[in-house]
Amino acid sequence: MTSTRSNTTTGTHNDAPPSNLWPADPRVKTNPALKLVVLLISLAALGLRFANLESDFPYQINWSGDLYTDEGWYSNNAVAHELTGRWIIEGDFNPIISLPVFPLTQAAAFSLLGLGLSTARITEVVFSILVCVFSYRLVRRLAGGPAGLATLLLLSTNFTVFAFSRLAILELPMTALTVLSLLLAISNRGPKMLSLALAVLAFCLAALTKTTALFGLPSLLFLIWTAQPSPRKGFLAASATLAAIVLLLGAYYAIAAAADRDSVALFTATEFTPRLEWTLPSIVWALGRAIWNGMALDRIAYPLTVLSVPLFLALSKRARKDRLVITCALWIGVTLAALAVRGYLPPRYYLPLSVPLACLLGVMAVHASRKFRPYRATYLPLVLLAGISAVNLISIVRHLTSPQFSFVEMARDVGRRMEAAGEPVLIGNMANSISLATGVFSINSELGTRDLRWKLQRYRPGFYIALGEEKPTARGLSEVYDLQLLASYDVFGNYYTGRPVHLYKLNSRP
């Protein structure tokens, strides 16, 4: 009998084939028909992301107000470029300064397909598909084809990932680039130095899409370390990678700060301010809350994976030495710890965790299926995966077959009223999202490097849109304008503290 050794059990890995952590029984062949069915279901689920792109997000799974604001905020500079030819809106919120990748991508999409909500969301759909494809390739490379297919099935059918993949925000584009960097780190195609350089570039692009990509940095360094033939060479490669990332990101932000110090200062203050009291009870409570809120990803797969992984690591010595398992565990652990410190925990922050969780659950299911052979219990893990995917697919189909369009209908009504009044400028915290849907020019009433009074003098808006009363902003506006309520809209079922959206005409005082 020939024995096959895996380098993963020795702590090194020199770009060998898949880790073979749990080698398949050669007497048992994987059913080609089953592979085809899984692939077709996954492709169909990915294709459904393009259906009814302007329909409302399923707000029942969200507790943050980001549905009203974030699409417009982070597409703001791309929209401004399309409308005015200028990237920067003086004094306003300009995320392109600190996070340039997504606005530039959106601008390219607008130039090809035209400005609009559908175009912005098509870009997001493409990134979400890349997340699934790159994750499949990563798992296939490190744990074999069956585990890769299981991961693809779980990711493509996940209802929460599906829902957010149709919202033009930063998390999934960032995740796609992060997984790409991991995949490049273990590539055996072309010169090794070129692969590492591309991995560094991909990771820097991920961090310049959203800074929470940094939660995946330990996983990237671990993969690079273990890809080398010796611990010394691994340490040198990981150290060089870390230095290159720090140097590139540092150079970019130095240039950005020189160009627009106020925008970078605003970004730093909002992104890197912890909201945690450094006492033991506060830390324990915050970590528990961070773990619990991950239930938003999937109420079956998430707790099953979180509870199973410690047992899996305790019972399997090979699992404790496997590159993919350690990579995913690092990503999950660092992310949950960072979220606990951050304090603010909207569901979208958990989207990057969908990748390591799906990878681990897929690997554990395939391992358990092989472990139970030749008994009938071998099918139980596969049935469990099928059940999880079926529940999620039913939710996807139910959502798509009863679409609502409250947001886009509201936005278009605002656009018609502005056009009829001959007023070209809209102001409000959610005004940028109206711009994305209609093409009107907008100013953010709360975010930016200048205060509200300066913006009113500079841009002289004619309309104001608000989620609820927004009393501080309304008081500031009322010092200069008479606010005439024109319309109220029930958007997303008024899920966010029961507040409708109000549209005001700003009538200048003498």
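What is the mean pLDDT of the protein, and what percentage of its residues reach 70 or more? The mean is 89, and 92% of the residues reach 70 or more; pLDDT is the predictor's confidence in each residue, from 0 to 100. This is a predicted model, in which local features need pLDDT of at least 70 and side-chain atom pairs count only at pLDDT 80 or more, while totals for chains, interfaces and linings use all residues. Residues are numbered from 1 along each chain as its sequence is written, and side-chain values use heavy atoms, with hydrogens and water left out.

**Cavities**

- The whole structure holds 5 cavities of 30 Å³ or more.
- A cavity is a set of points, on a 1 Å grid over the protein atoms alone, where a 1.4 Å probe fits but cannot get out; lining residues have an atom within 4 Å of a point.
- Grid points are joined across faces, edges and corners, and a volume is the space filled by probe spheres set on the points.
- The largest cavity has a volume of about 160 Å³.
- It is lined by 15 residues, of which Asn 158, Asp 298, Ala 301, Ser 354 and Ala 358 are the closest to its centre.
- Elements giving two or more residues to this lining are α5 (145–157), α13 (301–315), α15 (354–371) and α16 (380–401); the largest share, 4 residues, comes from α15.
- Helices (H or I, at least four residues) and strands (E, at least two) are DSSP runs, numbered from the N terminus.
- By class, the lining of the largest cavity has 9 nonpolar, 5 polar and 1 charged residues (Ala, Val, Leu, Ile, Met, Phe, Trp, Tyr, Cys and Pro count as nonpolar, Asp, Glu, Lys and Arg as charged, and the others, Gly among them, as polar).
- The second largest cavity has about 70 Å³ of space, and its lining includes Asp 56, Arg 121, Arg 166 and His 399.
- The lining of the second largest cavity divides into 5 nonpolar, 2 polar and 3 charged residues.

**Sheet**

- An open sheet of 5 strands has the order β2-β1-β3-β5-β4, with mixed pairing; two strands pair if DSSP finds at least two bridges between them.
- β2 (441–443) and β4 (481–489) are the edge strands, each with a single partner, so one side of each lacks a neighbour in the sheet.
- Strands β1 (residues 425–427) and β3 (residues 463–467) run parallel and are joined by 2 bridges, with Leu 426 opposite Phe 463.

**Tyr 136**

- Tyr 136 sits in helix α4 (residues 117–143).
- Its C-alpha atom is 8.4 Å from that of Cys 359, 223 residues apart along the chain.
- Not counting residues up to four places away in sequence, Tyr 136 touches Gly 145, Gly 148, Leu 149 and Leu 152.

Conventions: On a 1 Å grid over the protein atoms alone, a cavity is a set of points where a 1.4 Å probe fits but cannot get out, and a pocket is an open set with protein on both sides within 12 Å along at least five of seven lines; lining residues have an atom within 4 Å of a point. Contact means heavy atoms within 4.5 Å.
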